[in-house]
Protein chains: 2
Amino acid sequence: MTERVVVVGGDAAGMSAASQAKRMKGDALEVIALEQGSHVSYSACGIPYWIGGTVGSVGALVARTPEEHRANGIDLRMRSEATALDLDRRVVEVRDHEEGRTYEEGFDQLVLATGARPRRPDVPGVDAAGIFGVQTLDDGERVLDALTGEPRRAVVVGGGYIGIEMAEAMVNRGLEVTVATRSAEPMATLDPDMGRLVHSAMERMGIDVRTGVALESFETGEDGAVRAVRTSAGELPADLVVLGTGVGPETTLAAAAGLPLGRWGGLVTDLQMRVFDAEGVWAAGDCVESIDRVSGNRVHVALGTHANKQGRVLGTNLGGGYATFPGVVGTAMSKVCDLEIARTGLLEADCDAVGYQRLTVTVESTTRAGYFPGAAEITVKLIVERRTGRLLGGQIVGKEDAAKRIDTLAVALWNGMTVEEISALDLGYAPPFSPVWDPVLIAARKAADLVRDG
Amino acid sequence: MTERVVVVGGDAAGMSAASQAKRMKGDALEVIALEQGSHVSYSACGIPYWIGGTVGSVGALVARTPEEHRANGIDLRMRSEATALDLDRRVVEVRDHEEGRTYEEGFDQLVLATGARPRRPDVPGVDAAGIFGVQTLDDGERVLDALTGEPRRAVVVGGGYIGIEMAEAMVNRGLEVTVATRSAEPMATLDPDMGRLVHSAMERMGIDVRTGVALESFETGEDGAVRAVRTSAGELPADLVVLGTGVGPETTLAAAAGLPLGRWGGLVTDLQMRVFDAEGVWAAGDCVESIDRVSGNRVHVALGTHANKQGRVLGTNLGGGYATFPGVVGTAMSKVCDLEIARTGLLEADCDAVGYQRLTVTVESTTRAGYFPGAAEITVKLIVERRTGRLLGGQIVGKEDAAKRIDTLAVALWNGMTVEEISALDLGYAPPFSPVWDPVLIAARKAADLVRDG
């Protein structure tokens, strides 16, 4: 007997799940995928680079087209929005925006991959023309349209990943760029001392960085378009505004259907990506909360790499196989111009919040042997549990070849290693790639000394 | 009471040990360090880059000068060769090549850091002018001298790390370069299928690579200088020859004093770097054998990073502290022109030799998101234990930003992770740094599928 799956959401998690389940079960599984927008399976993380001109065309960001999914036997329906769920009757209500009609679709299994929703600041003028989010390819097209009007000044609201990446994009497009953030430093996903390094580097790149700033309103001109951002630190003139004010899980549909949500408003699943207490309902991607393996808490991390992994795990289980998503350790990375930024694990404030007593060490070194051309500065910060010396978090800021070293710390963290153990690791060494003591090892060694001394 | 330490060997291991012990014990420890050559504490790994002109001056390779060591209270004696040991009388016989005299020096503790000795091919003509090893800074100076004579054709004997690095150096100096190796492929520290990729890349760079070649003799001209290398595959004209035929532990002194040696001729120590069954004798660096954590066997790996770590561990213990060197997992890396090469763990042949049944997976991917400028090719090979799925080894060949990913595998290997576990790791992702599935994760995922299927 054929089983019918409805997948809500056609980006990384949803289509990975659909593809994997279909690959495993073939004709025994009917897969209907609903995507409200006009693109599927694209790299949202690539949008700032497309807008900035680093990536030439939107097509490059699309991993798989609707036609390719259909050729794989998935009944993919574009511009089709799931507007309601009835879990008792096992039906989803679908609004077909193309045809302008609404219908019901029945399912045996339901996959929720509804993604994340940008947080829009609740201030006057936020809906004015010239103010853009950068969540979807459609958003990206709107920003590119606006750039054809040759704006001169861009204000980026928010100093997180999207904020700094869009600041770089606007610099690349030749605009004067101001970044306004309410945090003490940009990149609040780093400790402030590391964020400070990002701040200084952005200023050296000519970006005007305003920190500790409260947003008050968006001022519009006579044409109704934004002309300035009013903040607690004064008015910032703007021909174009980018909102990088973070995202939360998009779970409106799930909540309305009575599914329980976690602390951050996301769906909560078991290790196989089954929604708890909801027979035949699965979820993956930016709409779920994940286990943070360092703190033991659930967290919400909207990141393409998790969405892809979770989707694949979900699809494997839905397809009759077995796989688990064992959680995250909070690894993330980005860059702004030539500055690379990476983090994993807990920040100092996170440690305090969950009750870890901590020691910290920060070291400066180089990415290659000091004498080797191209050796670039790198700062590594480690956060370590007192007494046990167990690594709790790591942060890296530096130039070329700095950031990917976060993986070493992420794997060490995943395995619960102490800094003493980390300092003995057999990492790759050759002068073009590392000093004889890799910066990560230097940091671990110093941290181990600190642990020993109490 | 002051204790007296004699350190034999003034490079990474010896001087790290001397410095660390002195730092910890101060005046309570008298440290005499004997160096037979005219440099200490230098990066031997950097020599090919200095010869190739990538690194401008020999001074750049020196981490610490004799004067700096002396300022730290170490009685460092240059051009002073330890010629004999008497462990009963606790004296070392020293030949002072500067003053032309021989004397005895007593010790309470002895540190052997005598390094590695290049293996010289036992064929006629090997001592001819124009044939160079590249083990020490003095060797490097001799090669640079020879280059002033504007040689046209270089033959590099051996296709390992030194071989390929010197091939690149000679290419950079404008020479026609032939690499002759007896192995089936260059880089015999990789499996032949991965070595094949190196071979092809070297040929694309204009290097003439001769594999499976037996060395017969070096032919000299009337001036006594080398003019060709005679091999089983014919004669290779040469104005300059570089020997990259590997190294073994330099333990002549230790052996003559009756210290027991391991399977590879190296000294064997406990975790604190004390030589077994030799009270008050320590050893570190290229003259010792280390525990290979994957096979459980002792191995000889001559590498600056181990020498530095072992020296520091030794010095810490000698200084009254506590540290251990828990072994290696066989991580190493290099490059030839724009090709990056890295390995960790066991090769296929190593697995067979120690009795691991294995599966292998090789994947091709890119170093960045496929659509991101600068995304470069990367090939990742994993070797995995049958049934358990435990990682046994990994090899990476690729272009810019490929090789340092070996660290992820090295840490996973260190922790005994299975490929199923590795495939779930939370590695850093952003389009300028990685595809959404890092190449290492793709390889682990495919390997996990293979393990599941038997």
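How many residue pairs are in polar contact across the interface of chain B and chain A? The rule finds 18, both residues at pLDDT 80 or more. A polar contact is a pair of N or O atoms within 3.5 Å; within protein, one must be able to donate a hydrogen and the other to accept it, and residues adjacent in sequence count only if both atoms are side-chain atoms.

This is a predicted model: local features need pLDDT of at least 70, side-chain atom pairs count only at pLDDT 80 or more, and totals for chains, interfaces and linings use all residues. Residues are numbered from 1 along each chain as its sequence is written, chains are lettered from A and ligands numbered from 1 in the order written, and side-chain values use heavy atoms, leaving out hydrogens and water.

View 1. About 5100 Å² is buried between them, and carbon and sulfur atoms give 64% of that. B:Tyr371, B:Asp426 and B:Phe433 supply 15% of the area that chain B buries against chain A, more than any other three residues. Buried area is the accessible area (1.4 Å probe) that two parts lose on being put together, summed over both.

**View 2. A salt bridge between the chains.** B:Lys404 and A:Asp438 meet through their side chains at 2.6 Å, N to O. The count between chain B and chain A is two salt bridges. The rule asks for a side-chain nitrogen of Lys or Arg within 4 Å of a carboxyl oxygen of Asp or Glu.

**View 3. Aromatic pairs.** The whole structure holds two aromatic pairs over all chains. The rings of A:Tyr49 and B:Phe372 have centres 5.0 Å apart and planes at 80°, so this pair is edge-to-face. Rings of Phe, Tyr and Trp (its six-membered ring) pair if their centres lie within 6.5 Å; planes under 30 degrees apart count as stacked, over 60 as edge-to-face and the rest as tilted. A:Tyr49 and B:Phe372 are both buried (under 20% relative accessible area; exposed is over 50%, partly exposed in between; 1.4 Å probe, protein chains only).
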